[in-house]
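Please load the model in your viewer and follow the selections below in order.

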Amino acid sequence: MTNSTAISPHLLPSGCSIREDGRVEMHGVALLDIAKEFGTPCFVYDLDHIKARANEARGAAPWTVAYASKAFLCRELVRVLDRMGLSMDVASGGELAVVISGGLDPGRIIFHGNNKSQLELSEAIDYGVGLVVVDSMTELERLESICRSRGVVARILIRITPGVEAHTHEFVMTGQEDTKFGFSLKSGEAEQAIERSIRSDFLDFVGIHAHIGSQIFLLDSYYKEVEALSGIIERYQPATVNLGGGLGVAYLGDELTPTFDEWARVLYGALSDLRVDSKTQIIVEPGRSLIASSALTLYRVGTIKVLPGLRTYVSVDGGMSDNPRPVLYDSGYEAFMPGYGSAIRDSCVTIVGKHCESGDVLIRNAWLPRTLAEGDIIATPVTGAYGYSMASNYNRVPRPPVVFVDSDGPRLAIRGETYEDLLRLEI
Ligand SMILES: Cc1ncc(COP(=O)(O)O)c(C=O)c1O
Ligand SMILES: N[C@@H](CCCC[NH3+])C(=O)O
């Protein structure tokens, strides 16, 4: 736990700097001015940081990088990643619609999901997505019949459950045997699905997919993943092996994360140890590790309630509706005052949201300067992944705006919702 120190600069997006007067700015614009212009709460993304992370991921190995759009998705981001030539993974018809509307070449889309509907599968085929990742025998048959009726062939990967337990929160583990995702390797279902797709006239078996979970720090889990798949790879010599995403990120100042280079070294080391043909196309699907550290969230403090001998509650104008991760996974975050970035954070408080839930806690033990007062702006870094994308309208709280910043200044990528937006589906 960080105690009595200023915020670690490495938790801030790379375009951030702390001015001599202590104000934190992003590409020369004070975060306090962004809060004034766009209101709070507000997600602020450093566009150059996103591009740098995408380039780092791409440069780490001769693999194909498909950004996992569930981590954060908006049209403007699709345009940016499209210009960089990245591929994208989608996991629903809605994500597919946004990626298509952002203009990404459908051939660079990978379509996931353990329960894709008939409509979603048809849309995937009609848009011409590059790869459909087939998750069950029912889906394989549904997809085949859609393709038969259109006289087309779908390029598919078979999703395999490698039976690897990655060391992460059980809610975000996906590679173990007891999971809703994919075909079990152990039971032989994976081989049956591959054989079935090879026999089909309307399915083109391009390769296999596996994903062992999210927020993974121990790279050894990836070695085990490749090891588990090696028998299938040797037997079917797939053109493509998609090893999923899941690389962990640091949310707290004292956490150390593996780099894309280290991840690549482990994966390629395993592939080479297991003599996987070097011509095999390797795909990875980083979501969190590509986007999380590029953003922070700005909040305004509304009330400060001191319960003597117990704790001090600092209530902000957002909460579990813009960041459900602390409630869902007990995830830790840090906070700082963008007006006083170099100030020593010498007071431990509990930052809570404005929702009608005692559990609506953003940071249980947050260190902030003791000068913190009602009306101040605070920021939580590393909120670029699974914050906005999992945001809700609980208590009919409008979802906040998303602002992109680079050397051209700040601009809206997604506007904040209004009460009118909240009413637009009402009859
Ligand atoms: C199939 C698949 N690929 C990629 C990801 C991205 O994971 P992460 O954001 O942890 O990199 C996920 C989410 O866990 C996933 O389910
Ligand atoms: N939403 C989760 C990760 C889920 C990964 C998607 N399969 C998180 O915030 O950590």
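**Two domains**

Start by colouring the chain by domain: select 9-39 together with 294-423 for domain 1, and 47-289 for domain 2. Keep in mind that this is a predicted model.

**Where the domains touch**

Next, select the contact region. Counting C-beta atoms that lie within 7 Å, with these atoms placed from the backbone, 23 residues of domain 1 are in contact with 20 residues of domain 2. On the domain 1 side, pick out three elements: α11 at 325-329, β19 at 402-406 and β20 at 409-414, each of which supplies at least two residues to the side touching domain 2. Which of the elements gives the most to this side of domain 1? It is β19, with 4 residues. Colour the domain 1 side by residue class: 14 of its residues are nonpolar, 7 are polar and 2 are charged.

**A three-stranded sheet**

Now move to the strands β1, β2 and β3, which form an open sheet in that order with antiparallel pairing. Then select β2, residues 24-26, which runs antiparallel to β3 and is joined to β3 by 2 bridges. To look at one bridge pair, show Glu-25 and its partner in β3, Ala-30.

Note on methods. Residues numbered from 1 in each chain as written. Chains lettered and ligands numbered in written order. Predicted model: local features only at pLDDT ≥ 70, side-chain atom pairs only at ≥ 80, totals over all residues. Domains from an automatic or database assignment. Contact = placed C-beta atoms within 7 Å. Nonpolar A, V, L, I, M, F, W, Y, C, P; charged D, E, K, R; others polar. Pairing = 2+ DSSP bridges.
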